[in-house]
Amino acid sequence: MKIFADERRELIMTYLSKHKRATVNQLSEYANVTSATIRSDLTALQTLNKVERIHGGVRLPKVDTLHTNNSFSDRLNKHQNAKQRIGMKALEKIKNHQCILMDASSTTYELAKLLAETDIKLTIITNGLENAILLKENANLTVLIIGGFAQKGSNALTGRIDSQILNIYNIDYFFVSANGITIQNGLTDFSLNEVELKKEMIKQSNEVIALIDKSKFNISSSLSFAKLTEVDEIITDETVSSELSKQIPTKVTIIK
């Protein structure tokens, strides 16, 4: 049975997630297609930085390669249009007087930009300093940053609040992104401290909404912080293939 290009490439990434590297012939046999087709798929995946070509085959990129020049300001400019559209869809879920939690990702920053311009009255907890600096200027928003308060008119953090603040508030939604998402490893990232905090954020939230642009699929970073069964909804910007959608055990919302 003929399979589409995106389905073949998911097969390739599945194989690599298990074996870390492969030859063209191995992938050709695994996907039951010609070597020429596999080489074309590998070129497409390499363009997306999902694989690294090596002599005689391909491997998953090293963690250091994935995160070179990957500062917050750099990430803000990558796939920005997709992140903006994902943020707009996420905004539709938020209602007056809710308490929401946001991580420090560049994707949730796009949601923060939208919230900064609304008249919705909210309590927002975040570990993102840039999020807090932006949001605190809206008088309708009560903003808490894990590590301290962010107050209107000041760039300073005051008080001392650690992650135990999460036990006090009834959190309606946790909006979170990740460096990568796979069926096998779930949501993954590379910072141990942030991963541990995200795990705690997930435990304390009524609903977990993952904001994931298409570049993150079939990428696995070094540390997992959530199984897909712990995620209530994934909002993304491109149709997930039928093969992958069958394996995702949670709701997937595709933005139009």
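Student: Is Lys113 buried or partly exposed?

Tutor: Lys113 counts as partly exposed, at 31% relative accessibility, where buried means under 20% relative accessible area, exposed over 50%, and partly exposed in between (1.4 Å probe, protein chains only). This is a predicted model, in which local features need pLDDT of at least 70 and side-chain atom pairs count only at pLDDT 80 or more, while totals for chains, interfaces and linings use all residues. Residues are numbered from 1 along each chain as its sequence is written, and side-chain values use heavy atoms, with hydrogens and water left out.

Student: Which residue forms a salt bridge with Lys113?

Tutor: That is Glu110, with the closest N and O atoms 3.2 Å apart; a salt bridge here is a side-chain nitrogen of Lys or Arg within 4 Å of a carboxyl oxygen of Asp or Glu. Glu110 is buried, at 2% relative accessibility.

Student: And how many salt bridges are there by this rule?

Tutor: The count comes to eleven. One of them pairs Asp103 with Lys198, whose closest N and O atoms are 3.3 Å apart.

Student: Where do Asp103 and Lys198 lie?

Tutor: Asp103 lies in the loop between strand 4 (99-102) and helix 7 (106-115), and Lys198 in helix 9 (residues 192-203), so the pair ties together parts that are 95 residues apart in sequence. Helices (H or I, at least four residues) and strands (E, at least two) are DSSP runs, numbered from the N terminus.

Student: Buried or exposed, that Asp103?

Tutor: Asp103 counts as buried, at 0% relative accessibility, and Lys198 counts as buried too, at 2%.
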